[in-house]
Amino acid sequence: MNTALRLAGFGVGLFAVFGAAVGVGAAVAPAAPPAAAVGVAAAHGEDQTGTGMAAMSQAVAAPVPGGLMVSQDGYTLALAERSLPAGAQVPLRFEILGPDGAPVTRYDTEHDKDLHLIVVRRDLSGFQHVHPALGDDGTWRVPVDLSAAGEYRVFADFTPTGHDGGLTLGADLAVPGAYQPVPLPAADPSAAVIDGYAVTLAGDLVPGRSSELTLTVSRDGAPVTDLQPYLAAYGHLVALRAGDLAYLHVHPAGAPGDGVTPAGPGITFYATAPTAGDYRLYLDFQHNGVVRTAEFTVHAGQPDGAAAAPATTAVTATDDTGHRDTEPDGHGH
């Protein structure tokens with residue numbers, strides 16, 4: 001996986017580059033400044049070679065965060081169905097179409113998988129990180145939990161063989177029914193425990209620059225020092241920007257078995273948030289043979305020079321019912 005943030009893939013491993021319009025269903029590219037806007041600046045006597053044009057140039061050059069486009073570099077995420085019925089185990093099928101229009105069948109392995117699939121409702125609830133099976137015809141298949149009606153976003157994180165770097169493409173999936181929106185949870189300064197596990201986050205997410213985030217796992221109040229490798233790391237982090245669900249790639253520091261990286265309790269990631277705002281973070285970690293997910297909300301940046309938020313935010317660790325795989329080990333990643 002490439003963790004664009006690459007919060008920098010799968011890592012998605014954790015540490016992240018946090019990388020808009022809602023429901024973008026076609027390729028999006030940064031647009032050049034309208035000619036009319038340049039003409040207005042000239043009419044007012046502004047120096048088009050000065051700082052104003054430089055800032056405009058930087059804005060135009062800024063990369064589009066991952067997951068906002070259904071097509072990029074000639075590759076397209078093509079869902080077999082754009083609407084599926086509600087259910088706990090609903091078959092999801094899709095293809096990655098290449099520049100020649102044919103399904104892609106060859107991928108580079110990233111974080112132990114050829115493709116990482118994230119499914120989440122647009123209110124950022126119902127997060128699932130699963131790994132589909134690829135058929136000989138280029139069709140990916142995996143069951144997903146669509147128990148709650150609503151609009152979902154499907155993210156495919158992958159690297160086609162021969163492509164320079166990874167891609168994260170996104171497409172909308174409708175699930176008809178009575179929609180019950182879930183408000184974005186606020187950052188919780190106190191630990192909430194399920195099955196005895198809790199995760200705390202230390203570090204601030206700062207727009208426009210790489211931020212160091214350390215997530216610390218404990219159980220029954222004691223630090224967990226025997227985390228098990230999961231997706232070639234001791235944890236995998238996905239970050240989504242509230243509102244448009246921009247997908248941030250995240251990269252973890254170190255690797256299991258390198259003789260340096262400890263197996264907990266802390267897992268360090270590096271992420272870059274493209275803008276100020278609220279982000280939802282999802283940390284997958286494995287202990288005692290079970291993959292669990294900790295979810296929490298963080299804010300990047302402070303409004304009007306306000307004081308920085310507390311450095312430590314507690315999050316709830318929950319069993320990851322979204323971790324399903326077609327592989328017999330059932331770990332889902």
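1. How many bridges join β4 to strand β8? Seven, with β4 and β8 (residues 139-146) running antiparallel. Along this pairing, R93 stands opposite R141 in β8. Strands here are DSSP runs (E, at least two residues), numbered from the N terminus, and two of them pair if DSSP finds at least two bridges between them.

2. A word on the source: this is a predicted model, in which local features need pLDDT of at least 70 and side-chain atom pairs count only at pLDDT 80 or more, while totals for chains, interfaces and linings use all residues. Residues are numbered from 1 along each chain as its sequence is written, and side-chain values use heavy atoms, with hydrogens and water left out.

3. Strand β4 (residues 87-97) also pairs with β3 (residues 75-79), in the antiparallel sense and over four bridges. Here T76 stands opposite L97 in β4, and L77 has I96 as its bridge partner in β4.

4. Please look at the whole sheet too. It is open and has five strands, in the order β2-β3-β4-β8-β7, with antiparallel pairing. Its edge strands, β2 (71-72) and β7 (133-134), each pair on one side only.

5. Elsewhere, Y247 lies in strand β15 (residues 247-252). Y247 counts as buried because its relative accessibility is 0%; the cut-off for buried is under 20% relative accessible area (1.4 Å probe, protein chains only).

6. G170 is 77 residues from Y247 in sequence, yet their C-alpha atoms are 8.9 Å apart in space.

How values were computed
Buried < 20%, exposed > 50% of the residue type's maximum accessible area, 1.4 Å probe, protein only.
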